[in-house]
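Have a look at the structure first, then try each task before reading on.

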Amino acid sequence: MPFLLYTGISAYVPLFLLIIAGIGLGFLLANLSVILGPSRPGIKKGLTYESGMDPVGTGHERFSVKFYLVAMLFILFDIEVVFMYPWAVQFRQLTQEFGMFPFWEMITFVLILFVGYIYMYKKGGLRWA
Amino acid sequence: MMDFFTPNVYSYLAVSALMFALGAVGVMTRRNGIVVFMCIELMLNAVNLALITFSRMHNDPAGSILVFFVMCVAAAEAVVGLSIVLAIFRNKLNIDINQVNIFKW
Amino acid sequence: MVEIILFWLFSILGIAGAVGLIFNRNPIYAALSLIINFFSIAGLYLSLRAEFLAVIQILVYAGAIMVLFLFVIMLLNLQTEEKAEKFDAKRGIAFLFGLAFAAEMIYALRSFASEGQTPLAAQFDYGQVEPIGRSLMTSFLFPFEMISVVLLAALIGAIVVARKHTYT
């Protein structure tokens, strides 16, 4: 009994059904209370809930640039790991053919990026304060 | 009748060309710097779609690998470009690209 | 049959996302339209049997790059672009150019539509992880190593440009 009964895109039909069910359930639950429940809007009810206080300022608060720096570092090292994934899957076959060469390839790749990591650390890119 | 709806290489390339044209129109008409960047990402994605279609057509790995590299370069480009947007915002307090005209003579 | 439905669903969704990107004046809505577009492009990759790249598309584009874009939009707290008061000639020319470009591409690629060119039914060996990893480590070794230099340059450049500096 093979794990995948179908090949090709038909193998993904359960996945698409799951996505459709997920989106549908989310819409349904979010709108069911609106449809079924009573609706008596008022000024006090329409206010933003801020622990019982009157709301202060706008809803759009400006973020700090520190969040951007962390997200940026995440992307760059995310790409690095994405490259490791096909390498790791194919590693055993490649070592049987080329010896340790693929290992040193990836070590070179990581070392070049590690230079950037050291620079960022010294520059204080990870310091939160 | 069914033949018209069956996707072939041309259908994918037409979708890719339409997305590229929409991205180009966005780059030329929008004034918000970040949205201009997003339109550039859209154009890169349209090209990626065409590359994978050709890779599938010729059963050749080069197109797929090139798409992989394009994605990585796009990530690097987004990181640096958004840093530049932040730097412009710090100097001018908005990112209307019509006001960033230091190249104009 | 499934492929036909998925192709039309994802291509229409993707083009709708692209149209939403260029016409939404609120940058956050534009970014969300672009995320729809990225997901439908991943679906199109899936219908082309490029499964690995579909996953990478969602991981890198929808998962990382768009998060960065949304962060910057919230960081800058931009207002919606106000509508142009009068009809701008430059915008009209831009739309005409885009229309001309799309028409030209669709006309120039028409030879792919002819009969006897049905390569999509052919087998595709490079959608899975193993052949891609193999090509990456053998024929495309030098570009692979150079990508790390690109990422290094992006890392250093972004840190230098994005942070506030005090000159000493």
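**Exercise 1.** Into which domains is chain C divided?

*Solution.* Before starting, note that this is a predicted model, in which local features need pLDDT of at least 70 and side-chain atom pairs count only at pLDDT 80 or more, while totals for chains, interfaces and linings use all residues. Residues are numbered from 1 along each chain as its sequence is written, and chains are lettered from A and ligands numbered from 1 in the order in which they are written. Now to chain C: the division gives domain 1 (1-80) and domain 2 (128-168), with bounds that come from an automatic or database domain assignment. Between the C-alpha centres of domain 1 and domain 2 of chain C lie 23 Å.

**Exercise 2.** Describe the fold and overall spread of chain B.

*Solution.* Start with the elements: chain B has four helices and zero strands (DSSP runs numbered from the N terminus, H or I of at least four residues for helices and E of at least two for strands). Next comes the spread. The radius of gyration of chain B is 18 Å, well over the 13 Å that the globule rule gives for 105 residues, so chain B is more spread out than a compact globule. Here the radius is taken over C-alpha atoms, and the rule is 2.2 Å times the number of residues to the power 0.38. Along the principal axes, the C-alpha atoms of chain B fill a box of roughly 55 × 30 × 25 Å.

**Exercise 3.** Work out how chain B meets chain C.

*Solution.* Count first: 70 residues from chain C and 61 residues from chain B take part in the contact (C-beta atoms, placed from the backbone, within 7 Å). The side of chain C that touches chain B has 56 nonpolar, nine polar and five charged residues. In this grouping, Ala, Val, Leu, Ile, Met, Phe, Trp, Tyr, Cys and Pro are nonpolar, Asp, Glu, Lys and Arg are charged, and the others, Gly among them, are polar.

Then zoom in on one helix pair. Helix 2 (residues 9-29) of chain B and helix 1 of chain C pack with their axes 9 Å apart, at an angle of about 10°. That makes helix 2 of chain B roughly parallel to helix 1 of chain C. Angles under 35 degrees count as roughly parallel, over 145 as roughly antiparallel, 65 to 115 as roughly perpendicular and the rest as oblique; axes are lines fitted to C-alpha atoms, for helices over the stretch in contact, and angles run from 0 to 180 degrees between N-to-C directions. Residues meeting here include B:Leu18 and B:Leu22 from helix 2 of chain B, and C:Ile15 and C:Ala18 from helix 1 of chain C.

Methods
Two residues are in contact if their C-beta atoms, placed from the backbone, lie within 7 Å.
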